[in-house]
Every structure is written in C-alpha cells, then in structure tokens.
Amino acid sequence: MFQSDNSENKTSSILGPELEIHGDVKVSGSLLIYGKVFGNIKSSGAVRTAHGSEVNGNIEAKEATIGGKVDGDVDVNQKVTLGDTSLLTGNLKASILTIEEGAKFDGVCSMAKNTQ
C-alpha cells in the first residue's frame, strides 16, 4: 500500500510447495519457488528455485539460483548458481556461473560479455 515505485524496495514473491501454476509468470522484483510452474518466468529481480521445486519453461531474470528441476532455457543478466540439488535441462546464458558439486546440467552454456 505504501510501497515506492523502486523495484529494489519491493518484497519478494513466494510460490508455496502446494502451488501449481499452468501459465506464464511475470513478476516485478524477486521470486522464490517451492512449487511447480508450467510456463515461462520473467522477473526484473532474482529467481530462486528450492529443492523439490519444478519449472517447465524458460526463466528470464536479473539473476538466478537453481535448487530444483528446471526444464527450459535460463537467460540471466548477471549470476546463475546451480545448487547441489539442481537439475537443469536447457541452455544457459549468464555473465557469471557457479556450479556446486552434485548439480546436474544438460545444455549449452554461453557467457558472452554483456554489451550494457
């Protein structure tokens, strides 16, 4: 109600473990996913997927931390972290990539320098 227009001050959105979305998700700010999303995700902030979560679609965000299953392409402006419980099947585009031991990744990675 009293939030400013600055997206840095907005509270993160959380999709709980019992939530299943069929369709695209667009969020201003960051997003934490515990449930299942069957569609593309576009965020102006960070996208984080927790262990046990599932995304069947592309993710476009400022940065991402993957802890669950993602079946789709991930396109981030800054950093991507593939956690030890992550399974990414799809292409990955990021400036910085961190892969923890135990992460599974099947796709092509592009770390071309941003022209911004």
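Q: Which residue of strand S13 stands opposite Thr65?
A: Thr81 stands opposite Thr65 in S13. This is a predicted model, where local features need pLDDT of at least 70, side-chain atom pairs count only at pLDDT 80 or more, and totals for chains, interfaces and linings use all residues. Residues are numbered from 1 along each chain as its sequence is written, and side-chain values use heavy atoms, with hydrogens and water left out.

Q: What makes S10 and S13 paired strands?
A: Two strands pair if DSSP finds at least two bridges between them. S10 (residues 63-66) and S13 (residues 79-82) have three bridges, in the parallel sense. Three meets the cut-off of at least two, so S10 and S13 count as paired.

Q: How many bridges join S7 to S10, and which way do the strands run?
A: Four bridges join strand S7 (residues 46-49) to S10, and they run parallel. Ala46 has Glu63 as its bridge partner in S10.

Q: Which strand is joined to S13 by four bridges?
A: Strand S16 (residues 96-99) is joined to S13 in this way, again in parallel. Within that pairing, Val80 stands opposite Leu97.

Q: Which residues of S10 make up its covered face, and which its uncovered face?
A: Ala64 and Ile66 are on the covered face. Glu63 and Thr65 are on the uncovered one.

Q: How many helices and strands does the protein have?
A: It has zero helices and 18 strands. Both are DSSP runs, numbered from the N terminus (helices H or I, at least four residues; strands E, at least two).

Q: In what order do the six strands of the open sheet lie?
A: The order is S3-S6-S9-S12-S15-S18, with parallel pairing. S3 and strand S18 (109-110) are the edge strands, since each pairs on one side only. Inside the sheet, S12 and S15 pair over two bridges. Val74 has Leu92 as its bridge partner in S15.

Q: Why is Ser86 called buried?
A: Buried means under 20% relative accessible area, exposed over 50%, and partly exposed in between (1.4 Å probe, protein chains only). Ser86 has 2%, so it counts as buried. Its place is the loop between S13 and strand S14 (87-89). Over the whole protein, 35% of the 116 residues count as buried.

Q: Which residues does Ser86 touch beyond four places in sequence?
A: Ser86 touches Ile66, Gly67, Gly68, Gly102, Ala103 and Lys104. Contact means heavy atoms within 4.5 Å.

Q: What makes the approach of Ser86 to Gly83 a polar contact?
A: A polar atom of the Ser86 side chain lies 2.7 Å from the backbone oxygen of Gly83. A polar contact is a pair of N or O atoms within 3.5 Å; within protein, one must be able to donate a hydrogen and the other to accept it, and residues adjacent in sequence count only if both atoms are side-chain atoms. The 2.7 Å distance is within 3.5 Å, so the pair passes the distance test.

Q: Why is Lys36 called partly exposed?
A: Its relative accessibility is 34%, so Lys36 falls in the partly exposed class. Lys36 is in strand S5 (residues 36-38). Beyond four places in sequence, Lys36 contacts Leu19, Glu20, Ile21 and Glu54. Val55 is 19 residues from Lys36 in sequence, yet 5.8 Å away, C-alpha to C-alpha.

Q: What class does Ser13 fall into by accessible area?
A: Ser13 is partly exposed, because its relative accessible area is 29%. Ser13 is in strand S1 (residues 13-15). Leaving out residues up to four places away, Ser13 touches Val27, Ser30, Leu31 and Leu32. Ile33 is 20 residues from Ser13 in sequence and 8.5 Å away, C-alpha to C-alpha.

Q: What share of contacts with a separation of 6 or more comes from residues 24 or more positions apart?
A: That share is 2%.

Q: Which residues lie nearest the centre of the second largest pocket?
A: Asn40, Ile41, Asn58, Ile59 and Glu60 do, out of 15 lining residues. Strands S3, S6, S9, S12 and S15 each supply at least two residues of the lining.

Q: How many lining residues of this pocket are nonpolar, polar and charged?
A: Five are nonpolar, three polar and seven charged.

Methods. On a 1 Å grid over the protein atoms alone, a cavity is a set of points where a 1.4 Å probe fits but cannot get out, and a pocket is an open set with protein on both sides within 12 Å along at least five of seven lines; lining residues have an atom within 4 Å of a point. Ala, Val, Leu, Ile, Met, Phe, Trp, Tyr, Cys and Pro count as nonpolar, Asp, Glu, Lys and Arg as charged, and the others, Gly among them, as polar.
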